[in-house]
Amino acid sequence: MSGSDDAVLELRAVHRTHGTGPAAVHALRGVSLVVRPGELVAVMGPSGSGKSTLLALAGGLDRPTGGEVRVEGQPLGALDRRGLAQLRRRRIGYIFQQLNLLGSLSALENVALPLELDGTSGRRARALASAALTEVGMPALGDRFPDQLSGGQQQRVAIARALVGERRLVLADEPTGALDSQTGEAVLHLLRRRIDAGAAGVLVTHEARHAGWADRVVFLRDGVLVDTTAPLGNVDQLLTGSDR
Amino acid sequence: MSIRHGLLALLERGQMYGYQLRAAFEESTGSTWPLNIGQVYTTLSRLERDGLVRPLPESEAGQRPYEITDAGRADLALWFATPISRTDRPRDELAIKLALALTTPGVDVRSVVQAQRSATMRALQELTRLKYGSNRPEDLPWRLVLDSMVFQAEAEVRWLDHCETSLVRHQPSGPAPPVPPPSDVDADDAARWAGEEARR
């Protein structure tokens with residue numbers, strides 16, 4: 001796990017304990033993980049295994065009780081609230097199951113919002129937002145409001161918001177939510193494309209079919225990484241499948 | 001499924017000779033089911049014997065095309081209309097292996113579960129990668145074959161997760177109680193699998 005100079009995300013022996021004494025809950029117990037550019041890592045595990053805690057720590061939404069989290073080499077523990085908020089707005093994109101789109105803003109305005117909050121000029125923010133909407137296949141729907149869009153379209157807007165600008169780290173928590181399997185797959189396709197273009201991503205999911213989109217799959221159980229996969233080299237071997 | 005019905009379905013598109021049938025068969029199964037030309041000719045001669053296909057005059061190049069008969073069409077229609085029965089599948093070695101792992105002293109069932117899950121997950125990753133690279137409209141039949149394998153692998157991972165959760169709750173008191181194996185397992189098979197397990 002050393003030699004992680006180019007890591008976009010690095011967790012070093014991270015612990016997260018909620019509460020103290022006998023009532024303490026150890027959500028994560030010494031988790032180490034490195035995610036590099038162009039790499040998508042899926043995190044799987046049963047409910048309560050620490051998946052969402054891991055994601056919250058990776059995105060600076062929560063702080064570890066032990067160990068260290070680095071984003072693009074920057075230890076998050078060394079940042080104050082303001083620095084952390086800035087890093088989150090500029091470098092990290094979040095895709096959640098709840099889309100958190102603002103109903104009073106158009107699709108384009110929703111996507112441009114994080115940039116504008118960060119001081120980008122309105123015109124430039126809208127140009128970048130428009131490019132992000134094009135990337136997710138919705139170039140013509142920027143003027144619509146969330147309630148004028150289908151569930152799948154709303155999810156695309158949320159993804160455009162996560163990808164807009166210079167985001168290097170994309171964190172997704174069950175991003176296909178209640179979408180049907182085709183629409184859900186389209187969402188993962190978009191995520192994969194952005195990763196292939198050089199971002200790094202962490203995908204929390206309990207569905208193996210979705211984790212299949214990742215380069216690496218890690219399994220959490222009771223706050224510990226129990227298992228990791230890397231892709232096979234030889235696809236042909238799989239297809240002739242003589243050993244199954 | 002049989003090669004027989006595969007060939008009938010291909011001949012329903014139009015007359016073809018052996019090598020064409022083989023190529024079309026492999027194309028429509030995304031090369032997941034390689035056929036040798038001998039299998040094609042053996043199957044064609046059985047289909048001919050049963051009156052489901054009929055040979056046509058040889059071409060100048062010495063190739064003999066076949067065409068489907070009315071009886072062949074009826075057989076094909078029946079095949080498409082009849083659901084596949086899962087009871088014809090071979091016994092599930094994995095399920096039996098885990099059942100045995102649970103009752104065999106010295107075997108760490110959790111490691112068996114984890115090793116299998118990693119392998120199945122890797123397969124899923126590769127299948128997904130193949131799917132990601134097959135985006136043309138004409139790739140649809142191939143993508144559906146891949147999807148079928150993806151969903152089967154997913155089901156296996158879910159079942160393994162379920163096993164793992166059950167194992168966490170499982171507190172054996174003293175020697176593990178004998179777990180009756182699935183009813184279609186015979187003692188010889190069980191012994192053979194146990195032996196293979198022990199050799200690893």
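User: What is pLDDT, and in which elements of chain A is it lowest and highest?
Analyst: pLDDT is the predictor's confidence in each residue, on a scale from 0 to 100. The model is a predicted one, and chain A has an average pLDDT of 86, with 92% of its residues scoring at least 70. Within chain A, the lowest confidence belongs to helix α8 (residues 235–240), at a mean of 46, and the highest, at 96, to strand β4 (residues 66–71).

User: Over which residues of chain A is the pLDDT below 50, and how many contacts beyond near neighbours in sequence does this stretch have?
Analyst: Where pLDDT is low, the predicted coordinates should not be read in detail. In chain A, this caution applies to residues 232–244, where the value is below 50; beyond near neighbours in sequence, the contacts of this stretch in the model number 9.

User: Which residues stand opposite A:Leu169 in β6(A) and β8(A)?
Analyst: Strand β6 (residues 92–95) of chain A runs parallel to β7(A) and is joined to it by 4 bridges. Strand β8 (residues 200–204) of chain A also pairs with β7(A) in the parallel sense, over 5 bridges. A:Leu169 of β7(A) faces A:Ile92, and its bridge partner in β8(A) is A:Ala200.

User: Which residues touch the most other members of the largest nonpolar core?
Analyst: In soluble globular proteins, nonpolar side chains tend to be buried together. The largest nonpolar core holds 83 residues, and those touching the most other members are A:Val111 and A:Val202. Helix α7 (residues 140–169) of chain B provides the largest share of this core, 8 residues. Apart from it lies another core of 14 residues, including B:Leu8 and B:Phe25.

User: What does A:Val111 touch, leaving aside residues up to four places away in sequence?
Analyst: With those residues not counted, the partners of A:Val111 are A:Ala129, A:Ala132, A:Leu133, A:Val157, A:Ala160, A:Arg161 and A:Val164.

User: Which helix gives the most residues to the side of chain B that touches chain A?
Analyst: The contact involves 22 residues of chain B and 18 residues of chain A. On the chain B side, 9 residues are nonpolar, 7 polar and 6 charged. Helices α6 (109–132) and α7 of chain B each supply at least two residues of that side. The most, 13 residues, come from α6(B).

Key: Residues numbered from 1 in each chain as written. Chains lettered and ligands numbered in written order. Predicted model: local features only at pLDDT ≥ 70, side-chain atom pairs only at ≥ 80, totals over all residues. Pairing = 2+ DSSP bridges. Core = buried A, V, L, I, M, F, W, Y, C linked by C-beta atoms within 7 Å. Buried ≥ 20, exposed ≤ 12 C-beta atoms within 10 Å, placed from the backbone. Contact = placed C-beta atoms within 7 Å. Nonpolar A, V, L, I, M, F, W, Y, C, P; charged D, E, K, R; others polar.
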